[in-house]
Amino acid sequence: MDDDPVPSSHRARKRTVNEGVRRLLDTPGWNPYQPRTDSTDDPATGAREALRQVRVERAEDAAKACPECEAARRESGDSTDLCARHLAEAMGL
Ligand SMILES: [Zn+2]
């Protein structure tokens, strides 16, 4: 069933853009989201990522008992919202 409200011409244009972006991202040394060196086997990257996850988990844990986080969530209606302090903590700032 195809009841996608987006007109197919619109969708096609979006696909073309996506393909252009993907081609750019495939260009070695261009992709801003990837380090220039192939880092899949880089242990430092894995460690950084693990540290980041620990940091986020720790901030979320602390946030559960934080009245400011609770207030931020109530205010924004976003159940994952954090107060400024814990947001900064989760981002490693
Ligand atoms: Zn908080």
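Predicted model: local features only at pLDDT ≥ 70, side-chain atom pairs only at ≥ 80, totals over all residues.
Reader: How many helices and strands does the chain have?
Author: Four helices and zero strands. Along the sequence the pattern reads α-α-α-α.

Reader: And how confident is the predictor? What is the mean pLDDT?
Author: The chain averages 79, and 74% of its residues reach 70 or more. Among the elements, helix 1 (residues 8–26) has the lowest mean, 73, while helix 3 has the highest, 94. Where pLDDT is low, the coordinates should not be read in detail.

Reader: Back to Leu-51. Buried or exposed?
Author: Exposed, because 11 other C-beta atoms lie within 10 Å of Leu-51, and a residue with 12 or fewer counts as exposed.

Reader: What about the rest of helix 2, how many of its residues are buried?
Author: Two of its 22, so helix 2 is hardly covered.

Reader: How far does helix 2 reach?
Author: From first C-alpha to last, helix 2 spans 32 Å, close to the 32 Å expected at 1.5 Å a residue.

Reader: Different topic. Is helix 3 covered or in the open?
Author: Largely in the open, because one of its 10 residues (67–76) is buried.

Reader: What comes just after helix 3?
Author: Gly-77, which takes a positive phi of about 75°.

Reader: Where is Asp-81, then?
Author: Asp-81 is in the loop between helix 3 and helix 4, the latter being residues 84–90. Asp-81 counts as partly exposed because it has 17 C-beta neighbours inside 10 Å.

Reader: Which residues is Asp-81 in contact with?
Author: Setting aside neighbours within four places in sequence, Asp-81 contacts Ala-72, Arg-73 and Ser-76.

Reader: And how far is Asp-81 from Ala-71?
Author: Asp-81 and Ala-71 are 9.2 Å apart, C-alpha to C-alpha, and 10 residues apart in sequence.

Terms used:
Residues numbered from 1 in each chain as written. Buried ≥ 20, exposed ≤ 12 C-beta atoms within 10 Å, placed from the backbone. Contact = placed C-beta atoms within 7 Å. pLDDT = per-residue confidence, 0-100. Expected span 1.5 Å × (residues − 1).
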